[in-house]
Amino acid sequence: MCGIVGYIGDAEAMPILLDGLRKLEYRGYDSAGIAVLSEGMVSVARRQGKLERLAGEMQANPLLGRVGIGHTCWATHGVPSDTNAHPHADCTGRIVVVHNGIIENYLSLRERLEVDGHVFTSETDTEVLAHLIESRFIGDLYDAVRQSLLEVVGSYAVVVLCRDIPDTLVAARLHSPLILGHGRGEQFVASDVPALLAYTRQVTYLQNGEIAVVTREGARVTRLDGTEIRREPATIAWDAAAAEKGGYKHFMLKEIHEQPAVIAETLRGRMGEDRAHVHLPGLKLSPDELRKITKVLVIACGTAYHAGFVGKYAFESLARVPVEIDVASELRYRTPIVDEHTLALVISQSGETADTLAAMRDAKEHGAHVLAVTNVVGSSVDRDADSILYTYAGPEIAVASTKAYTTQLMTLYQVALYLAEVRGTLDDDARARFIEALQRLPEQMATVLETEPLVKKLAEAFCGVHDTLYLGRGVNFPTALEGALKLKEISYIHAEGYAAGEMKHGPIALITPQCPTVAIAVPGGVYEKMLSNIKEVKARQGHVIAVGATDDPDLRKYADDIIPIPRTAELFTPVLAIVPLQLFSYYCADTLGLDIDQPRNLAKSVTVE
Ligand code: F6R
């Protein structure tokens, strides 16, 4: 997830581009850059680090010109650095490109372009676009971009500038957002509305597969096949503050709603073209080495630990490999048995959690191969791991983790399915069914989000309680832990996450009409057991809010309230079941008027022990 902007008009482009990028920094801040065109020359400035670093330098040495493009980067290919920062140029420096998204077939395109003599200067996927457009350019920029994008597999929002066509920007999108802003004698392009609001409220939302030729006077939009599109501009009603959060009241709510899109992004690129196999180019162990793995050791903290806990069920049942899991702060102070046949699975959104890093180093010293699942390119985990799988959740700004968690789950399911194939523990039919189910999850999650009004009502009714119990079994025991953690951290209501079967060994004493129980009771191997646990709560006058299957008549007989989720493979239910629990904690905290995005005593990244 990156932010891109473009400007063409009669004002100086640089301040407008920098201002727009400032509004888009929430989309990534690993590096930033701009390119400005003036008097037949394209000048480019780009810097690793936050935008302010670039802006500071620009104050001393401004780039002058009335046409330009800019980018703020959330790195996905190549570590954050000056050379990997956008804009990227072709061999001649006359064509420059900013891009948000992932070009999945960039390696094959790059190989071909290199054979044709193109020289690359960065490790990014984006640079292939600049060279591809160069290879097609014979005077018509629109056509060169259009032809190039027809060859691209993946997702993109792009803006292209060419020295030889000084009065034009070309912009296009597929699965990444892009908006055209219309002013008087000037036009704007941006990834998101906040970057436009200071200049215009008249916008055109480009749709997937559309490309626009933008001049000072306006924009002509076509599909990639050249078909003309006529669309009336829309008028934006948002104020600037709301717009930064995409119209949502808090980043947490925005991030909850982003989940169907980001879990789809996590899948994209790792499913083969036949959609029957998982591909993990980031995993640097050969199939032979993977077959020799005797144990997976999960290293993580907090929400990431809960993701790893779900992973344990998936790894053990699909790939039949034993999994040991402990919170990193405990793991690092005991003496786990680790050797060269151990796969240390490090999970960290930020890639900077101190305990996780320390436990990871210990595991590495003892000979384990470290496979990291992280959201932040260039983080310490990214730098020190042997193999990397990114989660592609985009920047997570709210302190309470939501979309990072569900993208971690998706990544872990992919690893489990890959291991299962390599280790021969799952037959082809079963694997195909799991892969199909995995690919349905983004759509199903969008359905789960439709329960928001119901969940909000429940939260309003229950946010006054002091204690709650979250119960789950099997693969949804971690869901109970994660649901309870979400409630605690943002609403400050005490929540006990428990394995439902353990309830009789103590926590049952807590149950009163004033202590509601949230139970995850989805179809599967432990469903009947969960029903028994729910009956036990009811027998003690407890109130039960159950998360269960949409079409489950039995659950209705026992639970007081039901939040329905669609059916999927039992192993994958945590991805869907956690969403209403995130919404429940959000609306409890919101009803209580609390600081949701920055709850008391917490920090987004725990970089101290
Ligand atoms: C909870 C939360 C924390 C983090 C934990 C690990 O909502 O965000 O529990 O999950 O601090 O952080 P990372 O994943 O950055 O290592």
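## Strand pairing

In this predicted model, strand β16 (residues 295-300) pairs with β17 in the parallel sense over five bridges, where two strands pair if DSSP finds at least two bridges between them, and where strands (E, at least two residues) and helices (H or I, at least four) are DSSP runs numbered from the N terminus. Within this pair, isoleucine 299 stands opposite aspartate 326 of β17.

## The sheet and its helix

The open sheet has five strands in the order β17-β16-β18-β19-β20, with parallel pairing. Because β17 (323-327) and β20 (387-390) stand at the edges with a single partner strand each, one side of each is left without a neighbour in the sheet. From one strand to the next the twist averages 20 degrees.

Helix α9 (residues 302-319) packs on the sheet and touches β16, β17 and β18 (342-348), contact meaning heavy atoms within 4.5 Å. The direction of α9 makes about 170 degrees with that of β17; axes are lines fitted to C-alpha atoms, for helices over the stretch in contact, and angles run from 0 to 180 degrees between N-to-C directions.

## Cavities

The structure holds four cavities of 30 Å³ or more, a cavity being a set of points on a 1 Å grid over the protein atoms alone where a 1.4 Å probe fits but cannot get out.

## Basis of the values

Residues are numbered from 1 along each chain as its sequence is written, and side-chain values use heavy atoms, with hydrogens and water left out. Local features need pLDDT of at least 70 and side-chain atom pairs count only at pLDDT 80 or more, whereas totals for chains, interfaces and linings use all residues.

Definitions and conventions. 1 Å grid on protein atoms, 1.4 Å probe; cavity = no way out; pocket = protein on both sides within 12 Å on 5 of 7 lines; lining within 4 Å. Points joined across faces, edges and corners; volume = space filled by probe spheres on them.
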